[in-house]
Amino acid sequence: MKIAVMGAAGRMGRQLITAIAADPHVTISGATETAGSPAIGRDIGELAGLEPMGIAVSSDAAAVIAAADAIVDFTVPKASVEFARLAAQSGTAHIIGTTGFDKASETAIAETATRIAIVKAGNMSLGVNLLVALTRQVAAALGNDFDIEIVEMHHRMKIDAPSGTALMLGEAAAKGRKIALDEHSVRTRDGHTGPRHAGDIGFATLRGGTVVGDHTVIFAGEGERLELTHRAADRGIFARGAVKAAIWTQGKPPGLYAMSDVLGIS
Ligand SMILES: NC(=O)c1ccc[n+]([C@@H]2O[C@H](COP(=O)([O-])OP(=O)(O)OC[C@H]3O[C@@H](n4cnc5c(N)ncnc54)[C@H](O)[C@@H]3O)[C@@H](O)[C@H]2O)c1
Ligand SMILES: O=C(O)C1=N[C@H](C(=O)O)CCC1
């Protein structure tokens with residue numbers, strides 16, 4: 001299976017090159033970067049700190065996508081929407097790790113998934129996807145007597161908040177409680193806020209240093225508190241998850257899939 005890497009020079013792009021090179025079931029067919037990037041023309045192996053691979057980074061996304069069976073895409077929302085459009089033209093599967101989409105972009109991607117297989121997840125690690133399932137179960141079991149707060153910390157370069165993972169966890173908690181997250185989420189608190197509203201799902205965002213990704217879901221009740229935590233120490237977990245998702249799309253009908261589908265977690 002031929003996989004192309006979009007955003008090859010990024011923190012995740014380099015990890016994706018490494019993960020594909022290490023997997024005997026797949027090959028890299030190409031890689032892209034944004035026009036004007038100093039990475040254009042560089043060998044992708046050298047870019048990822050490996051031996052040269054004889055493939056240069058390109059700015060021609062359409063050609064790279066058309067030559068691949070699947071693309072792995074950890075870039076920015078505007079680029080991911082455009083890559084989905086191009087992937088639908090060539091029948092290429094699209095693995096989207098990018099986070100920070102607005103509602104219009106989410107809708108555009110869902111529409112494109114009627115034509116190709118798209119796997120989209122704010123976090124592609126096994127551990128976080130298990131945490132998502134646990135969060136839904138615990139939220140359902142504890143009910144409204146326990147207040148839910150989601151705390152995340154990432155490196156200083158992260159550009160979106162709350163993290164895609166925190167939003168997945170919020171959606172899971174809301175699903176467990178059979179409520180709509182949009183109607184109960186509290187993204188910021190500042191000043192004289194008054195007491196907490198029953199049923200709120202709160203988010204707290206921390207940024208600093210080189211933290212790869214920490215997430216804790218807190219269930220705070222009367223006299224007791226339950227905390228579920230995942231800590232990522234290595235971006236390789238996300239990259240290997242994305243490669244697994246790309247392989248999984250082979251033979252799958254069009255649709256918008258989650259990592260839980262790939263991993264068989266319900
Ligand atoms: N789902 C997951 O498991 C997971 C894990 C880690 C990061 N992420 C997400 O992945 C995204 C990227 O994270 P990062 O830390 O690698 O960021 P980064 O800024 O290091 O990398 C993004 C890369 O995309 C490139 N890019 C932007 N527009 C492009 C275009 N039109 N064509 C080609 N390349 C383009 C940038 O030049 C950059 O090199 C973020 O949204 C992040 O939240 C998701
Ligand atoms: O480094 C990032 O950026 C990460 N983004 C994802 C998110 O928004 O949850 C996953 C963790 C790392």
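## Overall size

With 266 residues, a compact globule would have a radius of gyration near 18 Å, and the 19 Å of the protein agrees with this. The radius is taken over C-alpha atoms, and the globule rule is 2.2 Å times the number of residues to the power 0.38. This is a predicted model: local features need pLDDT of at least 70, side-chain atom pairs count only at pLDDT 80 or more, and totals for chains, interfaces and linings use all residues. Residues are numbered from 1 along each chain as its sequence is written, while chains are lettered from A and ligands numbered from 1 in the order in which they are written.

The C-alpha trace spans about 60 × 40 × 30 Å along its principal axes. Of the 266 residues, 41% count as buried. A residue is buried if 20 or more other C-beta atoms lie within 10 Å of its own, exposed if 12 or fewer, and partly exposed in between, with C-beta atoms placed from the backbone.

## Helices, strands and the sheet

The protein has ten helices and eleven strands. These are DSSP runs, numbered from the N terminus: helices are H or I with at least four residues, strands are E with at least two.

Six strands form an open sheet in the order E2-E1-E3-E4-E5-E11, with parallel pairing; two strands pair if DSSP finds at least two bridges between them. Strand E2 (27-32) and strand E11 (255-257) are at the edges with a single partner strand each, so one side of each has no neighbour in the sheet. Strand E1 (residues 2-6) pairs with strand E3 (residues 70-73) in the parallel sense over four bridges. In E3, Ile 71 is the bridge partner of Ala 4.

## The two ligands

Around ligand 1 there are 26 residues, the closest being Gly 7, Gly 10, Met 12, Ala 79 and Gly 97. A residue counts as near if its C-beta atom, placed from the backbone, lies within 6 Å. Helix H1 (residues 11-22) gives the most to this shell, with three residues.

The surroundings of ligand 2 include His 154, Lys 158 and Ser 163. Its shell has no nonpolar, eight polar and one charged residues. Ala, Val, Leu, Ile, Met, Phe, Trp, Tyr, Cys and Pro count as nonpolar, Asp, Glu, Lys and Arg as charged, and the others, Gly among them, as polar.

## Backbone exceptions

Most residues other than glycine have a negative phi, and most peptide bonds are trans. A cis peptide bond joins Ala 161 and Pro 162, with omega about -10°. Lys 178 has a positive phi, near 60°, and is exposed, with 8 other C-beta atoms within 10 Å.
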